[in-house]
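Here's a quick briefing to read with the model open beside you. Take the topics in any order you like.

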Amino acid sequence: MSTFTQQPTPRVCLPRALHDFVVEMAIAVHKRSIYPAGHPIMMGAVGLVYTRLAEVLQERADLSIGVAERRLIIAGVWSDADHPLLSEFAGRLSAHLVGAIRFARGVSREELDAFLDAAAQPVDEAMDPLGTRREASSDHVTLLPIAFERLGLLEGQTRAIDDGHENATWH
């Protein structure tokens, strides 16, 4: 009788600077959602996120982050679905219909602050989701909407329609 043993899937870890940036960004958005505008704690949070992003962008020209319902894809690595902050942040972005975020070298503190503020706002009938607003992007922060128009049904299953991007990766 043979016994099948599954080999553990190797864990892929983000570089420390990327991990710290994404966690600090999630914390800053969470703080924005609970503290009133202008609260001093928010200014420190924005400063820390800006510093972390500047560290990341010293090594690369840009950073793209994909958004799934409760997970992020950071430099090709999926976030842990059980991480409470990252899961909440991904859920918030998903509710805003954001499919990806791209930060480019040269991003200003004001651009980052505007993104964090907008991401912290709840989606309701009075406000269009970020992913549907062109003005939500800036010169160095680009928000890409969830691409529902590329989905199709085939034999009862959902699949992406082949438009030449089936092998796209995040950098």
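**Briefing: loops, helices and how they pack**

S79 lies in the loop that runs between β3 and α3. With a relative accessibility of 5%, under the 20% cut-off, S79 counts as buried. Keep in mind that this is a predicted model. The points below begin with that loop residue, move on to the other loops, and then turn to the helices.

**S79 and its contacts**

- Leaving out neighbours within four places in sequence, S79 is in contact with R71, L72, I74 and L86.

- A75 sits in the loop between β2 (72-74) and β3 (77-78), and its phi is near 50 degrees, a positive value in a residue other than glycine.
- A75 has 26% relative accessibility, so it counts as partly exposed.
- G76 is in the loop between β2 and β3 as well, and at 48% relative accessibility G76 counts as partly exposed.
- G76 and G66 are ten residues apart in sequence, and their C-alpha atoms are 8.6 Å apart in space.
- L97 belongs to the loop between α3 (84-95) and β4 (98-104).
- L97 is not a glycine, yet it has a positive phi of about 60 degrees.
- With 25% relative accessibility, L97 counts as partly exposed.

**Helix α4 by itself**

- Helix α4 covers residues 109-120, and its twelve residues should span 16 Å at 1.5 Å a residue.
- Which residues of α4 are buried? They are E111, L112, F115, L116, A118, A119 and A120.
- The cover over the buried residues of α4 includes α1 (16-34), α2 (40-59), α3, β4 and β5 (141-145).

**α1 against α4**

- For a pair of packed helices, the description rests on the angle between the axes and the distance between them.
- The axes of α1 and α4 come within 8 Å and cross at roughly 60 degrees.
- That angle makes α1 oblique to α4.
- As for handedness, α1 passes α4 in a right-handed crossing.
- On the α1 side, M25, A28, V29, R32 and S33 take part, and they meet D113, F115, L116, D117, A119 and A120 in α4.
- Sorted by class, the contact of α1 with α4 has seven nonpolar, one polar and three charged residues.
- H30 is another residue of helix α1, and at 29% relative accessibility H30 counts as partly exposed.
- H30 and E88 are 58 residues apart along the chain, with 8.4 Å separating their C-alpha atoms.

**α3 against α4**

- Here the axes of α3 and α4 are 9 Å apart, and the two helices pack at an angle of about 85 degrees.
- That makes α3 roughly perpendicular to α4.
- F89, R92 and L93 in α3 meet F115, A119 and A120 in α4.
- By class, the residues of the α3 contact with α4 divide into five nonpolar, no polar and one charged.
- R92 touches V29, S33, A119, A120 and Q121, not counting residues up to four places away in sequence.
- Among those partners, V29 and S33 are α1 residues that meet α4, while A119 and A120 are α4 residues that meet α3.

**Helix α2**

- How many residues does α2 have? It has 20 residues, and from first C-alpha to last it reaches 30 Å.
- That reach of α2 is close to the 28 Å expected at 1.5 Å a residue.
- The buried residues in α2 are M42, A45, V46, G47, V49, L53, V56 and L57.
- What do the buried residues of α2 pack against? Their partners are α1, β1 (62-67), β4 and α4.

Terms used. Residues numbered from 1 in each chain as written. Predicted model: local features only at pLDDT ≥ 70, side-chain atom pairs only at ≥ 80, totals over all residues. Heavy atoms only, no water. Helix = DSSP H or I, 4+ residues; strand = E, 2+ residues; numbered from the N terminus. Buried < 20%, exposed > 50% of the residue type's maximum accessible area, 1.4 Å probe, protein only. Expected span 1.5 Å × (residues − 1). Contact = heavy atoms within 4.5 Å. Axes fitted to C-alpha atoms, helices over the stretch in contact; angles between N-to-C directions. Parallel < 35°, antiparallel > 145°, perpendicular 65-115°, else oblique. Left-handed = near helix turned anticlockwise from the far one by under 90°. Nonpolar A, V, L, I, M, F, W, Y, C, P; charged D, E, K, R; others polar.
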